[in-house]
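Trainee: Hi! Could you walk me through this one while I have it open?
Mentor: Happy to, let's bring it up.

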Amino acid sequence: MWQAISHQLSEVLDKPFKISEKETVEGGDINECYCIGDGIARFFVKLNDREQSAIFETEAESLHVLNESDCIQVPKFIHMGTSKDKSFLILNYLPTKVMDDESAYILGQQLARLHSWGEQGEYGFDLDNYIGLTPQPNKWRRRWCRFFAEQRIAWQLQLCQEKGIELGNIDTITSHVIQLLMNHQPKPSLLHGDLWHGNTALTVSGPIIFDPASYWGDRECDIALTELFGGFSQRFYDGYQSIWPLDEGYNERKDLYNLYHVLNHCNLFGGSYITQAEQLIEKLGLRGE
């Protein structure tokens with residue numbers, strides 16, 4: 001495998017690259033992550049089974065579009081390939097540390113600029129991708145209420161049901177989500193899509209965000225997720241508000257948007273997330289009478 005990575009990198013770089021250093025990097029529960037180098041250049045490598053190559057393909061596309069915005073720093077895509085039994089994604093390597101308040105403020109400003117960038121008339125993405133290990137459908141839709149209800153909440157509920165997790169009648173819940181968002185038609189914003197604090201850091205060149213699950217949707221989805229698992233300082237929100245203040249109705253919608261991620265955790269991990277999903281569905285009144 002490492003020989004394949006070395007060979008393919010040499011072709012991409014158009015010069016010999018022989019791995020002389022390799023160290024494990026913390027990278028979450030999904031992939032094996034490494035920093036590799038040849039004494040001159042260093043790269044970040046994500047590894048998974050060959051069958052999981054689609055996850056890397058879609059991540060590369062998200063990084064490409066985010067980088068195209070020139071609003072916020074993301075890892076630079078170098079190469080994606082496979083060996084006999086592994087798939088791998090190679091990115092530029094940047095040493096990172098936890099953000100301080102000053103960099104959190106800057107990240108908030110950059111995220112607001114990202115959300116205001118681009119002119120997209122519909123909600124979705126050019127390809128389906130993944131939220132964690134879960135497939136994430138992104139078929140283009142003109143109405144936000146239908147996109148979010150059908151391709152986020154109904155989709156996750158169906159996956160839960162297939163695993164024997166019953167959280168209510170899918171059609172009823174979907175209908176109530178549509179009603180809650182019926183009069184909310186926000187500007188389609190390019191989203192990171194999985195913006196929790198573990199997917200942010202500080203580099204020598206400023207804040208960076210990584211591991212995206214991008215699509216064009218309501219900017220409030222990114223902001224809501226930052227609150228779900230905590231870890232963002234108030235300065236982050238101050239920075240965001242200084243560029244593009246949130247709408248008054250955000251506090252009424254954030255639980256609904258975070259239901260998507262809680263349902264995804266139900267599918268991935270089960271356990272206490274099932275109870276959390278049940279409580280959120282009850283709080284939002286999605287089961288009806």
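Mentor: One term to begin with: buried means under 20% relative accessible area, exposed over 50%, and partly exposed in between, with a 1.4 Å probe and protein chains only. As background, this is a predicted model, where local features need pLDDT of at least 70, side-chain atom pairs count only at pLDDT 80 or more, and totals for chains, interfaces and linings use all residues. Residues are numbered from 1 along each chain as its sequence is written, and side-chain values use heavy atoms, with hydrogens and water left out.

Trainee: Thanks! How many aromatic pairs are there?
Mentor: The count comes to 12 aromatic pairs. Rings of Phe, Tyr and Trp (its six-membered ring) pair if their centres lie within 6.5 Å; planes under 30 degrees apart are stacked, over 60 edge-to-face, and the rest tilted.

Trainee: What sort of pair do F17 and F43 make?
Mentor: F17 and F43 are edge-to-face, with 5.4 Å centre to centre and 70° between the planes. F17 sits in the loop between α1 (2-13) and β1 (21-24), while F43 is in strand β3 (residues 42-49), so this pair links distant parts of the chain, 26 residues apart. Those helices and strands are DSSP runs numbered from the N terminus: helices are H or I with at least four residues, strands E with at least two.

Trainee: And are F17 and F43 buried or exposed?
Mentor: Both F17 and F43 are buried.

Trainee: What about W117 and W216, stacked or edge-to-face?
Mentor: W117 and W216 are stacked, at 6.0 Å centre to centre and 20° between the planes. This pair also links distant parts of the chain: W117 is in the loop between α3 (101-116) and β6 (129-131), W216 is in strand β11 (residues 215-217), and 99 residues separate them. W117 counts as partly exposed at 25% relative accessibility, whereas W216 counts as buried at 9%.

Trainee: Which residues form the aromatic cluster?
Mentor: One aromatic cluster is formed by Y123, W144, F147, F148, Y215 and Y257. Y215 also has R152 over its face, 4.2 Å from the ring centre. The rule there is that NZ of Lys or CZ of Arg is within 6 Å of the ring centre and within 35 degrees of the ring normal. R219 lies over the face of W244 in that way, at 3.6 Å from the ring centre.

Trainee: Switching to cysteines: how many disulfides does the structure hold?
Mentor: It holds zero disulfides, a disulfide being a pair of cysteine sulfur atoms within 2.5 Å.

Trainee: Okay, salt bridges next. How many are there?
Mentor: There are 15 salt bridges, each a side-chain nitrogen of Lys or Arg within 4 Å of a carboxyl oxygen of Asp or Glu. One of them joins E23 to R42, with the closest N and O atoms 3.2 Å apart. E23 is in strand β1 and R42 in strand β3, 19 residues apart. E23 is partly exposed with a relative accessible area of 42%, and R42 is partly exposed at 33%.

Trainee: Where do K46 and E59 lie?
Mentor: K46 lies in strand β3 and E59 in helix α2, so their pair ties together parts that are 13 residues apart in sequence. The closest N and O atoms of this salt bridge are 2.8 Å apart, and both K46 and E59 are buried.

Trainee: What about E282 and R287, how far apart are the closest N and O atoms?
Mentor: They are 2.8 Å apart in that salt bridge. E282 counts as exposed at 54% relative accessibility, while R287 counts as partly exposed at 31%. There is also a network, in which salt bridges that share partners join E21, E23 and R42.

Trainee: Last one: what is phi of D14 near?
Mentor: Phi of D14 is near 60°, a positive value in a residue other than glycine. Most residues other than glycine have a negative phi. D14 is in the loop between α1 and β1 and counts as exposed at 71% relative accessibility. D70 has a positive phi too, near 55°, and is found in the loop between α2 (53-69) and β4 (77-82).
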